[in-house]
Amino acid sequence: MPLAWRAVDLEDALRAGGHRVTTARRVVWEVLSEAHDHVSAAEVAERAHRRDAGINVSSVYRTLALFTELGLARESRLGDEATWEPAHGDAVVHLVCERCGRVLHHPATAVDALRRQLDDDADFVVDTVDVRVTGHCRRCPR
Ligand SMILES: [Zn+2]
Ligand SMILES: [Zn+2]
């Protein structure tokens, strides 16, 4: 996806929430958008730092938290580690390769069915459905 419109999206979303567009926010968004995968805060910080040495780890953490709060980024846990990616809908299964760490996205209507089923539960209100399946990708040797 072209970066240009994503950058515009980011600015609109930040301004709509009353937030300034800063270099750190712009760079972190670029890193997330270009990763095509889930990345940890440490990975985002390393890549952002390579683009702009003035961006430190704590501003990366704050920016990721802000993006998550604004619905721009999605945070999910992969094992013990929190990872981020540009936000996407729930109707997806995360297939996590335990050998190389790659995360594949598999569209699955079953996730929507699960949400609808849970919506009938009177005792709980569903926010995010995060389905994670572990295994190994076919790229990785047995
Ligand atoms: Zn995902
Ligand atoms: Zn793999």
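## Fold report on a predicted single-chain model

Among contacts in the chain between residues at least 6 apart in sequence, 48% join residues at least 24 apart; two residues are in contact if their C-beta atoms, placed from the backbone, lie within 7 Å. This is a predicted model, in which local features need pLDDT of at least 70, side-chain atom pairs count only at pLDDT 80 or more, and totals for chains, interfaces and linings use all residues. Residues are numbered from 1 along each chain as its sequence is written, while chains are lettered from A and ligands numbered from 1 in the order in which they are written.

The C-alpha trace of the chain spans about 45 × 45 × 30 Å along its principal axes. Of its 142 residues, 17% count as buried; a residue is buried if 20 or more other C-beta atoms lie within 10 Å of its own, exposed if 12 or fewer, and partly exposed in between, with C-beta atoms placed from the backbone. The secondary structure comes to five helices and six strands, in the order α-α-β-α-α-β-β-β-β-α-β from the N terminus on. Helices (H or I, at least four residues) and strands (E, at least two) are DSSP runs, numbered from the N terminus.

**The sheets**

Two strands pair if DSSP finds at least two bridges between them. The table lists two open sheets.

| Strand order | Strands | Pairing |
|---|---|---|
| E1-E3-E2 | three strands | antiparallel |
| E5-E4-E6 | three strands | mixed |

In the sheet E1-E3-E2, which has antiparallel pairing, strands E1 (39-40) and E2 (73-78) stand at the edges with a single partner strand each, so one side of each is left without a neighbour in the sheet. Two bridges join E1 to strand E3 (residues 81-86), and the two run antiparallel. Val39 stands opposite Trp84 in E3.

The sheet E5-E4-E6 has mixed pairing. Its edge strands are E5 (103-107) and E6 (131-135); each has a single partner strand, so one side of each lacks a neighbour in the sheet. Neighbouring strands of this sheet are turned by 30° against each other on average, direction ignored; axes are lines fitted to C-alpha atoms, for helices over the stretch in contact, and angles run from 0 to 180 degrees between N-to-C directions. Strand E4 (residues 92-97) runs parallel to E6 and is joined to E6 by five bridges. His94 stands opposite Arg132 in E6.

**Helix H2**

Helix H2 (residues 23-35) has 13 residues, which at 1.5 Å a residue should span 18 Å, and its end C-alpha atoms are 18 Å apart, which agrees. The expected span is 1.5 Å times one less than the number of residues. The buried residues of H2 are Arg25, Val27, Val28, Trp29, Val31 and Leu32. Just after H2, His36 takes a positive phi of about 50°.

The axes of H2 and helix H4 (residues 57-69) come within 10 Å and cross at roughly 70°. That makes H2 roughly perpendicular to H4; angles under 35 degrees count as roughly parallel, over 145 as roughly antiparallel, 65 to 115 as roughly perpendicular and the rest as oblique. Ala24, Arg25 and Val28 of H2 make the contact with Ser59, Val60, Thr63 and Leu64 of H4. These contact residues divide into four nonpolar, two polar and one charged. Ala, Val, Leu, Ile, Met, Phe, Trp, Tyr, Cys and Pro count as nonpolar, Asp, Glu, Lys and Arg as charged, and the others, Gly among them, as polar.
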